[in-house]
Amino acid sequence: YKRFFADIKYKNKTITAHCPNSGSMMGLLDKGNIVWFSQSNDPKRKLKYTLQIISSNNNLVGVNTHLTNKIVLEALVEKKIASLKKFDNIKSEVKFSDNTRFDFLISNKNKKCFLEVKNVTLVRKKNIAEFPDSITSRGSKHLMELANAKKKGYESFILYLIQRNDCKSFKIASDIDKKYKEVFNEALKNGIKVLCY
């Protein structure tokens with residue numbers, strides 16, 4: 001509620017945690033779901049707890065979108081992403097245009113590549129992860145800007161980080177955001193490469 005608050009029953013009392021996820025978290029916010037949270041001792045923080053993981057139908061789902069880029073950064077540094085092993089230099093939060101930053105600019109002596117990362121938590125049909133879980137004009141903008149970067153000579157990738165272990169495939173939730181699906185299809189035609197991990 002209030003977009004970023006979640007109430008958690010803990011040791012016979014209710015605590016309020018920060019929920020660092022701007023999506024709808026469809027299918028995850030059922031009363032009685034077990035959750036994992038962290039505690040901060042920073043006196044400046046309004047809420048000292050942060051929601052990290054929700055157990056849904058016996059599957060653990062990472063909901064903290066602030067961790068998404070940290071996970072991908074570690075994977076880039078450790079060369080865990082096969083398609084991106086060739087890039088040695090990694091910069092985070094890089095400005096592309098006046099109103100666009102991409103999550104990463106990765107490069108080697110021959111090529112430069114923009115990488116945008118999206119956190120995926122939605123599953124509605126067995127084994128199929130879906131994105132987005134709510135309308136995302138920001139997500140559509142990122143895809144269009146990746147296409148612009150491609151036209152300017154950059155390689156362009158979007159990586160969907162599926163933070164749950166019950167999925168074998170991925171698709172765009174076109175019924176949730178028809179515009180995003182249209183922009184996604186156009187991005188593919190323009191040579192944007194899609195990764196799912």
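Okay, let's start with the lining of the largest pocket: its residues divide into 11 nonpolar, 17 polar and 10 charged. Before I go on, please keep in mind that this is a predicted model.

So, how big is that largest pocket? Its volume comes out at about 800 Å³. If you want to find it on the screen, 38 residues line it, and the ones nearest its centre are Ser-22, Thr-65, Lys-118, Asn-119 and Arg-138. Quite a list of elements contributes to that lining, with at least two residues from each: helices H1 (68-77) and H2 (137-151), plus strands E6 (89-97), E7 (100-107), E8 (112-120) and E10 (127-131).

Then there's the second largest pocket, with a volume of about 670 Å³.

While we're on E1, have a look at its partner. E1 runs antiparallel to strand E2, residues 13-18, and six bridges join the two. For a landmark, Tyr-10 sits opposite Lys-13 in E2. The two strands form a hairpin with two residues between them, and in that hairpin Lys-11 takes a positive phi near 50°.

Positive phi is worth a word. Most residues other than glycine have a negative phi, and most peptide bonds are trans. This model has some exceptions to show you. Glu-93 isn't a glycine, yet its phi is positive, about 50°. You'll find Glu-93 in strand E6, and with a relative accessible area of 42% it is partly exposed. Asn-127 does something along those lines: not a glycine either, with a positive phi of about 70°. Asn-127 belongs to strand E10, and at 25% relative accessibility it counts as partly exposed.

And for the peptide bonds, go to the step from Phe-131 to Pro-132. That bond is cis, with omega near 0°. Pro-132 is in the loop between E10 and H2.

E10 brings me to a sheet. It's an open one of three strands, in the order E9-E10-E12, and the pairing is mixed. Which strands stand at the edges? Those are E9 (122-123) and E12 (167-172); each has a single partner strand, so one side of each is left without a neighbour in the sheet. E9 pairs with E10 in the antiparallel sense, over two bridges, and there Leu-122 stands opposite Glu-130 in E10.

Now the inside. In soluble globular proteins, nonpolar side chains tend to be buried together. Here the largest nonpolar core has 21 residues, and the ones touching the most other members are Phe-114, Leu-143, Ile-158, Tyr-160 and Tyr-180. Strands E6, E7, E8, E10 and E11 (155-162), along with helices H2 and H3 (178-189), each supply at least two residues of this core.

Let's zoom in on Ile-158. Which residues does Ile-158 touch, leaving out those up to four places away in sequence? Glu-116, Lys-118, Leu-143, Leu-146, Tyr-180, Ile-192, Lys-193, Val-194 and Leu-195.

One last stop: Gln-52, in strand E4. Is Gln-52 buried or exposed? At 17% relative accessibility it counts as buried, because the cut-off for that is under 20%. Setting aside neighbours within four places in sequence, Gln-52 is in contact with Trp-36, Phe-37, Ser-38, Val-61, Gly-62, Val-63, Asn-64 and Leu-67. And here's a pair to pick out by eye: Gln-52 and Pro-20 are 32 residues apart in sequence, with 8.2 Å from C-alpha to C-alpha.

That's my tour. Thanks, everyone!

Methods
Residues numbered from 1 in each chain as written. Predicted model: local features only at pLDDT ≥ 70, side-chain atom pairs only at ≥ 80, totals over all residues. Heavy atoms only, no water. 1 Å grid on protein atoms, 1.4 Å probe; cavity = no way out; pocket = protein on both sides within 12 Å on 5 of 7 lines; lining within 4 Å. Points joined across faces, edges and corners; volume = space filled by probe spheres on them. Helix = DSSP H or I, 4+ residues; strand = E, 2+ residues; numbered from the N terminus. Nonpolar A, V, L, I, M, F, W, Y, C, P; charged D, E, K, R; others polar. Buried < 20%, exposed > 50% of the residue type's maximum accessible area, 1.4 Å probe, protein only. Pairing = 2+ DSSP bridges. Core = buried A, V, L, I, M, F, W, Y, C linked by side-chain atoms within 4.5 Å. Contact = heavy atoms within 4.5 Å.
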